[in-house]
Amino acid sequence: MSHPPSGPSPHDRITGPHPALLLLRGYADEDARTVASALETLDDSALDDTYTYLCAVMDVTLRLALTAQPAARDVGRAAEQAATAAPPHDEFAFGQAVRAWAAGDTEALTRAADADLPGAVHLPAVMTVALGVTVLDHDGLNALLNCLPEDPR
């Protein structure tokens, strides 16, 4: 006889699109309300899962950016635009971190993400949207987001 898992999985509470996709779509649409609601009910385990998913999506986007080699100023501008949907206390820091990374400061993202887990979750979303918009434009980024699995588990 098989037994159910001993406790609930953090994934059991997630219904509908993965919070990472909600967060990415919120930043892509510059929709602060969607950005705020994407993570509001997640515990640390679900935030960690969301961070992992965002890093995987960011990796794909980074590979596209390395191929296209967008101008640092364009990535920085797109990051500042996407970051307008970030929580107010993070908006400036996120835009500046991505701008610094685009200009060659590879430690900028690490420094900005070290503050706390929720902030660390937002940062790869801003980075992914900035790179995606710069390399693919808004329609291309939305097409990429539509190709991602809603539940990667």
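The secondary structure comes to seven helices and zero strands, and the model you are looking at is predicted. Here are some exercises to work through with the structure open.

**Exercise 1. Overall layout**

Task: Find what pattern the protein follows along the sequence, and what percentage of its residues count as buried.

Solution: 
- Step 1. Reading along the sequence, the pattern is α-α-α-α-α-α-α.
- Step 2. The protein has 153 residues, and 41% of them count as buried.
- Step 3. Now turn to the contacts between residues at least 6 apart in sequence: 74% of these join residues at least 24 apart.

**Exercise 2. One face of helix α2**

Task: Work out which residues of helix α2 are buried, and where they fall when seen down the axis of the helix.

Solution: 
- Step 1. Helix α2 covers residues 32-39, and its buried residues are Val-35, Ala-38 and Leu-39.
- Step 2. Look down the axis of α2: these buried residues fall within an arc of 70°, so they line one face of the helix.
- Step 3. As for partners, the buried residues of α2 pack against α1 (19-28), α3 (44-68) and α7 (117-147).
- Step 4. Finish at the start of α2, where a side-chain oxygen of Asp-31 comes within 3.1 Å of the backbone nitrogen of Arg-33.

**Exercise 3. The nonpolar core**

Task: Identify which residues have the most contacts inside the largest nonpolar core, and which helix gives the most to this core.

Solution: 
- Step 1. The largest nonpolar core has 42 residues, and those with the most contacts inside it are Leu-23, Leu-24, Tyr-27, Val-98, Val-126 and Val-129.
- Step 2. At least two residues of this core come from each of α1, α2, α3, α4 (72-82), α5 (91-102) and α7.
- Step 3. Helix α7 gives the most, with 12 residues.
- Step 4. Leaving out residues up to four places away in sequence, Val-98 touches Val-75, Ala-79, Leu-109, Leu-123, Val-126, Met-127 and Ala-130.
- Step 5. For background, nonpolar side chains in soluble globular proteins tend to be buried together.

**Exercise 4. The largest pocket**

Task: Determine how many residues line the largest pocket, and which element gives the most to the lining.

Solution: 
- Step 1. The space in this pocket is about 200 Å³.
- Step 2. Its lining has 14 residues, and Val-35, Ala-36, Leu-39, Pro-87 and His-122 lie nearest the centre.
- Step 3. The elements giving two or more residues to the lining are α2 and α7.
- Step 4. Helix α2 gives the most, with four residues.

**Exercise 5. Positive phi in the loops**

Task: For Glu-30 and Gln-69, say what the phi values are and where the residues lie.

Solution: 
- Step 1. Glu-30 has a positive phi of about 55° although it is not a glycine. Glu-30 sits in the loop between α1 and α2, and is partly exposed at 34% relative accessible area.
- Step 2. Gln-69 has a positive phi near 50°. Gln-69 lies in the loop between α3 and α4, and counts as exposed at 65% relative accessibility.

**Exercise 6. Arg-99 and its contacts**

Task: Locate Arg-99 and list which residues it touches.

Solution: 
- Step 1. Arg-99 is in helix α5 and counts as partly exposed, at 28% relative accessibility.
- Step 2. Not counting residues up to four places away in sequence, Arg-99 touches Arg-73, Gly-76, Arg-77 and Glu-80.
- Step 3. The C-alpha atoms of Arg-99 and Arg-73 are separated by 7.3 Å, with the two residues 26 apart along the chain.

How values were computed. Residues numbered from 1 in each chain as written. Predicted model: local features only at pLDDT ≥ 70, side-chain atom pairs only at ≥ 80, totals over all residues. Heavy atoms only, no water. Buried < 20%, exposed > 50% of the residue type's maximum accessible area, 1.4 Å probe, protein only. Arc of directions from axis to C-beta. Contact = heavy atoms within 4.5 Å. Polar contact = N/O pair within 3.5 Å; in protein donor to acceptor, adjacent residues only side chain to side chain. Core = buried A, V, L, I, M, F, W, Y, C linked by side-chain atoms within 4.5 Å. 1 Å grid on protein atoms, 1.4 Å probe; cavity = no way out; pocket = protein on both sides within 12 Å on 5 of 7 lines; lining within 4 Å. Points joined across faces, edges and corners; volume = space filled by probe spheres on them.
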